[in-house]
Structures are given as C-alpha cells and as structure tokens.
Amino acid sequence: MRTPRRRRPLVGLLLAPLLTGCFASGGDDTGSSSDKGSGSRLRVALAFPPTENLSPYGADATLLSRLGVTEGLTALDANGSAAPALAESWTRKDDRTWLFTLREASFQDGTDVTADTVAAALTRATRAEPEPAALSGVTLTAKAADDGRISVTTAEPDPVLPLRMSSPGLAVLAPKAFAKKGAVDPVGTATGPFELTKTTGSTAATLDRFDDYWGGRAQAAGIDARFIADGTARANALRTGEVDIAEAIPVAQAASLDKATRRETATARTTFLHLNTRTGAFKDAKLRAAARAAVDTSALADGVYEGHADAGKGIYGPALTWAEGKRVQPVGRASETAPDGTSVTLATYDNRPELPEAAQVLKQQLEKAGFKVTLEVREYSRLESDALAGKFDAVVAARNTMLDTGDPVSVLASDYTCDGGNNLSLLCDKKVDTAVAKAEGIEDTAERQDAAMAAEALILGADAVVPLVHQRIITGVDADVQGVLLDPYERTLVGTGTRR
C-alpha cells in the first residue's frame, strides 16, 4: 500500500506561478480554489483532432500540454528560458551529463514520481517511433542517480538540455501508461492539474481536476474538450455559448466576435512555403529560386491574414526580439530560371483556415510566374505522412519554431537537416548540417543565436523554404472566463488559475 504523503500546499502555491503566471492571462487569477467552491467545468474547443491516440510522442503532445494534462522536468518561462516543473533544480555535472533534482509529486494514478519512474519514461521517449522532435539528432540516456536525482547523459555535449526537457514530447508518465506493448496511454497517468479520464475517438475528451497536483488545486472542476477542425465552427461555438474557450480563431471570423472575447497573441509561429528539394520540379534549385521570387508576402499578411500577421522575413519571427538584429542575408542562392509551364502540386491543410486561402493566393502568384499549379487541401492528419514522404512539390504549413524545445537551433535540426524528423522541405545539404551541428555545440546564448542565424542564411539561400508570414494567434475567450494562458510558444492554454 502506498504511504500517504503529507500535503505541502504552501510550496504548491509558491511554485504555481512558474507554470501559470508566465504568460498573459484573460484576467486576475489570484483567487484560490477555497473561495471558489468546487469550481465550474471549462468547455474548450481545440483546432487539431488527435492523430495518434493522444500519444505524447508525436503531434498530439501539445494537445495534452495545452489542456494541462502532461508536464516534463522543466517548463518554458515567458522569456523562453527553462523554468522548474517536475524538477525543482538542475546542475551540469560535465559536458555530457546533467543532474535534475525532483520535487515531491504524484502521478494521477496515485503513484509517486520517483527517479526510477522518470528515467523509465524518458527512456521510453527515446525509443518512440518516430522519435519526438525534441530528440532529433540527440542520443539521450536517463537513469536514476544514487542520490535520488535524475541523471541525463547525451552522446554529444548538449548545452541546452534543460530547455529540451521542457518539450511536450518529453512528458513524464507513470509506468501504467506503458503497460500495453507498443502503446502509450495518457489516461490517468500524467502529472498535470487536469487528469484525462475519457476520450471519444478524435472528437472529444473529458478531463477532471487532479486534486493532488503538486502546484496546487486547479480552480476549475474539469475540462470538456471538443476537437473542431473547422475554424468557423469553433468561432460559432464560442459566439453561441457552447464553449468557453476556442483556440485559433480564423482572422475572417475575428470581427464577428465581441471585442471583449478576442485575445491576440504574438507568437513564434510562422507560415512557410516548403519546397521539395529531393524529388520533382523543385529538386532544381533554379526553379526553387523562381518560386521564391514569385511570392509576395505582403499580399498574404495584409490580405489573407487581414493585418493579423507580419510579412515573412526568416525562420524566426518578430516575437523573438533577438532575431531581427542578428539576421544576415541568405547565402548561395541560385539564379532563377523561367518555369515555362512546369507543373507542380501544392498542398496544405484546413485545420488553420487561413492556410487554404494563403495557398490559393500562392497558386495565383506561381501561375503568374509561369508555373502550372494543382492545389490539394486535406485535414492535417491525412496530409503529414504524404508530405514527409515527398509526395507533393510544395507544402504550405504553419510552425511554431519554439514549440519543441524553446531552442532556436533545435528547430533547424528537426526541420532542415538530413536526419530531421519534421523535414517538410526534404532538405539534405552538408553545409546546412555542418552549420547546425556547430550551433548545437555552443552554450553561450548570444553566440548560439548568432550561429542559428548563420544556419538560417544557408537554409534560405538554398530556397528550401519561403517564410510567408509571422502569425499572431487569436483566441476566443468568453467574457466570464479568467486566467487563460496566452502562450507565445503555444504549449499552454489552461492552468490552475483558469476558471469561469
């Protein structure tokens, strides 16, 4: 039998701001659950239905973190730095090994968070197929140290490992989550303030408050989540009172919402045009150059996004204030060649309603330049595997560049290197790989940013990707709801202070 542990409410209240106070909220969330009774349930509409049975090791990882279900050893604060989560503190033992000190916490199934269980969960993540994006190019070994801490060792020095540990894809789950061979079950096995208790296919999920959460008792009694891919339907659900929170409101629907219910957040999300560098028409660098030259990004920002976005300048957008002063000109661009009716297939997904419209505008711009374009639009879950397999010539996709690790170099490794697991451009360039590898070995923050910008210049110079717009995300929040976490990294949405 598990020995009941003494509750430490004061510690929880002191630490909770690290996770729930990092980002702008929809109102005052200083009230305690004790003066809110049992709390009301929150009704939340999310844009992306689960594609992998809510496994934390793929695209579904952020669904779990945004709903307050999962946590890692660390979290990201508002400045993009590593903050304590399940780990209270950490220290670097040597070039390749970090030691993390765990806080007193419980899994939602009632078992204790221990060094052994954390090591087992991280080991499971390293064996996932495909690997979590945060582990792209990283060989990691986790084990319990003799003093009760977690020892995490990498094959090569990794100066940003604490940032990497904040990834939603490296969430810590109880042993029960791995009971079935080849499957991961987050139902009742995570550590966050809300416990996933039921899922209804890819349409809905039910979550209840986890009363033993280390960070303090959540003010909402639970969450009833609906996955609504259609943006207009999400906006309508908020407007008619069917939901309390609706993420990713389409810009075309923003004006239809009361001003009091709109929250606009600058994010690290950029919409890109990825050009297939491996096969098809855009294997030719000169045709890629022609496609890049045909794109008018200001028309997309002012037209499609109705001013709720900035024209694309690079892989890193204006939400990352350090990037603009460090950006260098693209290196090694090929000269353009006339398309002369070259046929290409342009694909995108409709979970973010602006993307099909942006793709339609791009189609017109490319055709004006001399390409013959076929446009294909699917739901994201039906597009991703074909895009990574190179079945399209070009893909329009939105990407939060800080989502996986909070490290500007990691997104380059996962999205633009030969072994990258999220490489929609299918780029494999030795110069890029060398530049990214160099950046990965730098510990100093400013120098690491400089190296990231040097690698960005090579990637843009290869015309593997065209940054289209840097997005601002519109979240619909009912006027009676307070404490919504408006996160520029799009990892969080509801927390202990979110309530109505």
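Student: Is R209 buried or exposed?
Tutor: Buried means under 20% relative accessible area, exposed means over 50%, and partly exposed lies in between, using a 1.4 Å probe and protein chains only. R209 has 12% relative accessibility, so R209 counts as buried. Keep in mind that this is a predicted model, where local features need pLDDT of at least 70 and side-chain atom pairs count only at pLDDT 80 or more, while totals for chains, interfaces and linings use all residues. Residues are numbered from 1 along each chain as its sequence is written, and side-chain values use heavy atoms, with hydrogens and water left out.

Student: Where does R209 lie, and which backbone oxygen does its side chain reach at 3.0 Å?
Tutor: Helices (H or I, at least four residues) and strands (E, at least two) are DSSP runs, numbered from the N terminus. R209 lies in strand 9, residues 204–209. For the second part you need the polar contact: a pair of N or O atoms within 3.5 Å, where within protein one must be able to donate a hydrogen and the other to accept it, and residues adjacent in sequence count only if both atoms are side-chain atoms. The R209 side chain reaches the backbone oxygen of A218 at 3.0 Å. A polar atom of that side chain also lies 3.4 Å from the backbone oxygen of A220.

Student: Which backbone oxygen lies 2.8 Å from a polar atom of the side chain of R263?
Tutor: That is the backbone oxygen of A260. R263 is in strand 12, and its relative accessible area is 16%, so R263 is buried.

Student: How many residues does the largest nonpolar core have?
Tutor: The general idea is that in soluble globular proteins, nonpolar side chains tend to be buried together. Here, a nonpolar core is a set of buried Ala, Val, Leu, Ile, Met, Phe, Trp, Tyr and Cys residues joined through side-chain atoms within 4.5 Å. The largest one has 61 residues, and V44, L73, F100, L207 and I223 have the most contacts inside it. Helix 3 (residues 115–126) gives the most to this core, with 6 residues. There is also a second, separate core of 41 residues, which includes A248, A291, A301 and V395.

Student: What is L207 in contact with?
Tutor: Contact means heavy atoms within 4.5 Å. Leaving aside neighbours within four places in sequence, the contacts of L207 include R41, L67, V69, F194 and I223.

Student: How many residues of helix 7 are buried?
Tutor: Helix 7 (residues 285–294) is mostly covered, with 7 of its 10 residues buried. They are L287, R288, A289, A290, A291, R292 and A294. What covers them includes strand 12 (262–275), helix 9 (354–369) and strand 17. At the start of helix 7, a side-chain oxygen of D284 comes to within 2.8 Å of the backbone nitrogen of K286.

Student: What does T297 touch?
Tutor: T297 lies in helix 8, residues 297–304. Not counting residues up to four places away in sequence, T297 touches A311, G312, P467, L468 and V469. Its relative accessible area is 17%, so T297 is buried.

Student: How many cavities of 30 Å³ or more are there?
Tutor: Rolling a probe the size of a water molecule over the atoms shows where empty space is left. On a 1 Å grid over the protein atoms alone, a cavity is a set of points where a 1.4 Å probe fits but cannot get out, and lining residues have an atom within 4 Å of a point. Grid points are joined across faces, edges and corners, and a volume is the space filled by probe spheres set on the points. The count here comes to 3 cavities of 30 Å³ or more.

Student: Which residues line the second largest cavity?
Tutor: Among them are A248, I249, Y305, H308, R352 and E354. Strand 17 (residues 465–477) gives the most to this lining, with 4 residues.

Student: What is the phi of A248?
Tutor: A248 has a positive phi of about 50°, although it is not a glycine. A248 sits in the loop between strand 11 (245–246) and helix 6 (251–254), and is buried, with a relative accessible area of 12%.

Student: And is D340 buried or exposed?
Tutor: D340 counts as exposed, at 70% relative accessibility. D340 also has a positive phi of about 50° without being a glycine, and its place is in the loop between strand 13 (309–311) and strand 14 (343–349).

Methods: On a 1 Å grid over the protein atoms alone, a cavity is a set of points where a 1.4 Å probe fits but cannot get out, and a pocket is an open set with protein on both sides within 12 Å along at least five of seven lines; lining residues have an atom within 4 Å of a point.
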